[in-house]
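Biologist: Could we go through this structure together? I would like to begin with how it was prepared and then turn to particular residues.

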Amino acid sequence: MAEIMSQNAVSVSQLNKYIKALLDNDILLSSIIVMGEISNVRHYKAGNQIYFTLKDENSQISCVLFGSTLSRLKFEPSDGLKIVAHGRVSVYEKRGQYSIQVFYMEPQGIGALATAFEQLKEKLDKEGLFAPERKTPLPQYPEHIAVIAAEHGAAIKDIVSIAKRRCPLTAVKLFPAVVQGALAPNSIVDQLQRVQAEKDIELVIVSRGGGSLEDLWAFNEEKVARAIAACCIPVVSAVGHEIDFTISDFVADLRAATPSAAAELVIPDLAGLITGYKQRMHNLIQQKYQTEARRFEYLKSKLGLLNPANILERGYSITKVDGKVLKSAELVRPGDEIETTLYNGKVLSVVK
Amino acid sequence: MLKEKIKQLDKIIASLDSPDTDLDKAFKLHEDGQKIVKELEKYFQKTEQKLSKLDEENK
């Protein structure tokens, strides 16, 4: 029996090779989509690989992600995350272990970009990059503003138009950038560096018009967020439409719903300012006039009350002896001449 | 001008209020006070006209 078995036995290598061939040639297993929960994530930086287990309630399977796939991932694979993965089932012959080599994966439900957004937002928030204490106050009347935006886009046109209307004295300088696609993050970061190298710039608006989550993605990249956080000039983030929120919005010193809104927020309304000052001056003059007029009326009425003639009118008189007002009877002797002033004249008398 | 005149009026009233001021002086002071009051009334009249003009300009 043993001899028969030995004659028909195959080696371990042969067996694993056979299994590998079966799996590699299976149409279903060479391109399969699997969903499950990630656990036991291990990073191997040297080989630029991630290993993890994909599981459900009853079973699990090993997975691996290699460098090229890893670089395309928009989110960080982490334990507990539920994903959908596309890959092929393969065997590592040496160990006789089968696993899924993942070509692409994304989180179940809300999608890769949304997950990446939430992950980065949480990470930067924990680092304190969104803290209100970090926000730099904007200058009240900036004379030189930088705008990082697409060269021929609607954003810069809107901002320049509003600047001309509100305050022609404010200089707006465009720092053109790629605002969409793979080149956008580096382009925006480079322009932020250039803005800070300029002497007179007091404020920078980082801006682009509306678009999808993918279109606006550059403003959710970590390097852009960190460049904005590190910028020594106040930054206004004005990306997309009212309902769009990007990581740049959270990390900037001020968020504006749109590029136009940014211009309205940072560029003073000169005409309105002048009208306001005129009104204020007018009010102050009015107040001053009323205060002084009230004081004058008070002094005028007091002067009236202190009119010496009023006292004499009531029947009082003033008596003088030798030109001095007589205040005591002891100061006169019989025979002294005295002069008494009454309301309507004087009387000369002799003391008895 | 206004501050100076108000100050003078203040001083006149303080003197009139004082028991040390004799009658002759009191009459003189009162007369001076009345002159200042007339000047200030003219001044306030002109100011009112200026303010009315400002009101019109700001409408």
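This is a predicted model: local features need pLDDT of at least 70, side-chain atom pairs count only at pLDDT 80 or more; totals for chains, interfaces and linings use all residues.

Biologist: How many helices and strands does chain B have?

Modeller: Chain B has two helices and zero strands. Helices (H or I, at least four residues) and strands (E, at least two) are DSSP runs, numbered from the N terminus.

Biologist: And what share of chain B is buried?

Modeller: Of the 59 residues in chain B, 32% are buried. Buried means under 20% relative accessible area, exposed over 50%, and partly exposed in between (1.4 Å probe, protein chains only).

Biologist: Which residue of chain A forms a salt bridge with Glu41(B)?

Modeller: The partner is Lys300(A), with the closest N and O atoms 2.4 Å apart. This pair crosses between chains, from helix α2 (residues 23-58) of chain B to helix α11 (residues 270-305) of chain A. Glu41(B) is partly exposed at 32%, and Lys300(A) is partly exposed at 29%.

Biologist: What about Glu198(A)?

Modeller: Glu198(A) forms a salt bridge with Lys173(A), their closest N and O atoms being 3.0 Å apart. The pair links distant parts of the chain, 25 residues apart: Glu198(A) is in the loop between α7 and β8 of chain A, and Lys173(A) is in strand β7.

Biologist: Where do Arg226(A) and Glu222(A) lie?

Modeller: Both lie in helix α8 (residues 222-230) of chain A, four residues apart, about one turn of the helix.

Biologist: Changing topic, in what order do the strands of the open sheet in chain A run?

Modeller: The order of the four strands is β12-β11-β13-β14, with antiparallel pairing. β12 (324-325) and β14 (345-350) stand at the edges with a single partner strand each, so one side of each is left without a neighbour in the sheet. Two strands pair if DSSP finds at least two bridges between them; β11 (residues 318-321) and β13 (residues 337-342) are joined by three. Thr319(A) has Thr340(A) in β13(A) as its bridge partner.

Biologist: What is phi of Asp322(A), and where does the residue lie?

Modeller: Its phi is near 55 degrees, a positive value in a residue other than glycine. Asp322(A) lies in the loop between β11 and β12 of chain A and counts as exposed at 76% relative accessibility. Asn40(A) also has phi near 55 degrees; Asn40(A) is in strand β1 (residues 32-44) of chain A and is partly exposed at 43%.

Biologist: Lastly, is Thr69(A) buried or exposed?

Modeller: Thr69(A) counts as buried, at 8% relative accessibility, and lies in helix α4 (residues 67-72) of chain A. A polar atom of the Thr69(A) side chain lies 3.5 Å from the backbone oxygen of Phe103(A). Leaving aside neighbours within four places in sequence, Thr69(A) is in contact (heavy atoms within 4.5 Å) with Val102(A), Phe103(A) and Tyr104(A).

Definitions and conventions
Residues are numbered from 1 along each chain as its sequence is written. Chains are lettered from A and ligands numbered from 1 in the order in which they are written. Side-chain values use heavy atoms; hydrogens and water are left out. A polar contact is a pair of N or O atoms within 3.5 Å; within protein, one must be able to donate a hydrogen and the other to accept it, and residues adjacent in sequence count only if both atoms are side-chain atoms. A salt bridge is a side-chain nitrogen of Lys or Arg within 4 Å of a carboxyl oxygen of Asp or Glu.
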